[in-house]
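Q: I would like to learn how to read the features of a protein model. Could we work through one together?

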Amino acid sequence: FGATTGGPIVHDRTFFFLAYEGIRRRQLFTSLQQVPTEAFLQGNFSAMTAPLRDPENRAGPTFPGNIIPGNRISPVAKRILERGSFPPATPGLAAPNNFLAVNPFPNDVNQYNARLDHRMSDANVFFARYGFTKDALVTPCADQTAFERFSVVGWYSSPGDGQTACVPGFGHNDVTRAQSLSLVDTHVFSSKLIMEIHGGFNRQLQSRIAFASGGTDVSSALG
């Protein structure tokens, strides 16, 4: 959607033009992801057939029953898991891809343009144009490339690749602000000699802000 307007400011001498264009895109993408089971979060890896060795004594005996004793789990790791770092598995889905992720993917674009034409004299014309664009794209996972490759584009999807995309809860907002300015002065000296002076300015600023940033002192919460 958008709108334009324009007209004379000074009759037969100065004219203006304004334009606005907006885009609102709302999409949902679903993908199969891999999340740890409730037993895994508690240190119970008995569902695994391979023996679970003690990382501090790899040459020694394995953990009995592939279960890590509670006193061997780091308190910081416990707090990370208690914060809800992973969503629970979707009922009815078996490992490894045991979670159905529904990721929103909204995109808002606002573009503004303004132009001014001024005839200084019969031999001299001045032109100015300014444009500003703000593009806000919400990406539901930390790795945007993986999300676009496996969840959005989908050309490389397979049951094993689904876990590479993203799990909800780690999204960020990508905001791009772009500005451009163009100035042109044209002077006609004669039928054989014309001078044009051009000036311009372009600037683009991109920011990526995680939704979870700035809201909580994570270091203090984790100890």
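Q: Which residues does N66 touch, not counting residues up to four places away in sequence?
A: This is a predicted model. With those sequence neighbours set aside, N66 touches G43, N44, F45, S46, M48, A50, P51 and L52.

Q: Where is N66 found, and is N66 buried or exposed?
A: N66 lies in the loop between α1 (38-41) and α2 (75-82). The residue counts as buried because its relative accessibility is 8%, and the cut-off for buried is under 20%.

Q: Which backbone atoms lie 2.8 Å from a polar atom of the N66 side chain?
A: One is the backbone oxygen of A50, at 2.8 Å from a polar atom of that side chain. Another is the backbone nitrogen of L52, also with a distance of 2.8 Å to a polar atom of the N66 side chain.

Q: What should I look at around the ends of α2?
A: For helices in general, an α-helix has 3.6 residues a turn, so residues three or four places apart point the same way. At the start of α2, a side-chain oxygen of S74 comes within 3.3 Å of the backbone nitrogen of V76. Just after α2, G84 has a positive phi of about 85°.

Q: In what order do the six strands of the open sheet come?
A: Strands of a sheet pair through backbone hydrogen bonds, either parallel or antiparallel. Here the order is β1-β2-β5-β6-β7-β8, and the pairing is antiparallel. β1 (2-10) and β8 stand at the edges with a single partner strand each, so one side of each has no neighbour in the sheet. From one strand to the next, the twist averages 5°.

Q: How do I read the pairing of β1 with β2?
A: Take the sense, the bridges and then the turn. β1 and strand β2 (residues 14-25) pair in the antiparallel sense over eight bridges. G6 has F17 in β2 as its bridge partner. The hairpin of β1 and β2 has three residues between the strands, and D12 takes a positive phi near 60° there.

Q: Over how many bridges does β7 pair with β6 and with β8?
A: Strand β6 (residues 124-139) and β7 pair over 16 bridges in the antiparallel sense; the bridge partner of V125 in β7 is T186. Strand β7 (residues 172-188) and strand β8 (residues 194-210) are also antiparallel, over 17 bridges. S180 stands opposite N202 in β8. The hairpin that joins β7 to β8 runs through five residues.

Q: With which residues is L205 in contact, leaving aside its neighbours within four places in sequence?
A: In a regular strand the side chains alternate between the two faces of the sheet. L205 is found in strand β8, and its contacts with those neighbours left aside are V175, T176 and R177. L205 is partly exposed, with a relative accessible area of 46%. K134 is 71 residues from L205 in sequence, with 9.7 Å between the two C-alpha atoms.

Q: What pLDDT does the protein average?
A: The average is 83, and 83% of the residues score at least 70. Over residues 150-164 the pLDDT is below 50, and this stretch has 27 contacts in the model beyond near neighbours in sequence.

Methods: Residues are numbered from 1 along each chain as its sequence is written. This is a predicted model: local features need pLDDT of at least 70, side-chain atom pairs count only at pLDDT 80 or more; totals for chains, interfaces and linings use all residues. Side-chain values use heavy atoms; hydrogens and water are left out. Helices (H or I, at least four residues) and strands (E, at least two) are DSSP runs, numbered from the N terminus. Buried means under 20% relative accessible area, exposed over 50%, partly exposed in between (1.4 Å probe, protein chains only). A polar contact is a pair of N or O atoms within 3.5 Å; within protein, one must be able to donate a hydrogen and the other to accept it, and residues adjacent in sequence count only if both atoms are side-chain atoms. Contact means heavy atoms within 4.5 Å. pLDDT is the predictor's confidence in each residue, from 0 to 100. Two strands pair if DSSP finds at least two bridges between them. Axes are lines fitted to C-alpha atoms, for helices over the stretch in contact, and angles run from 0 to 180 degrees between N-to-C directions.
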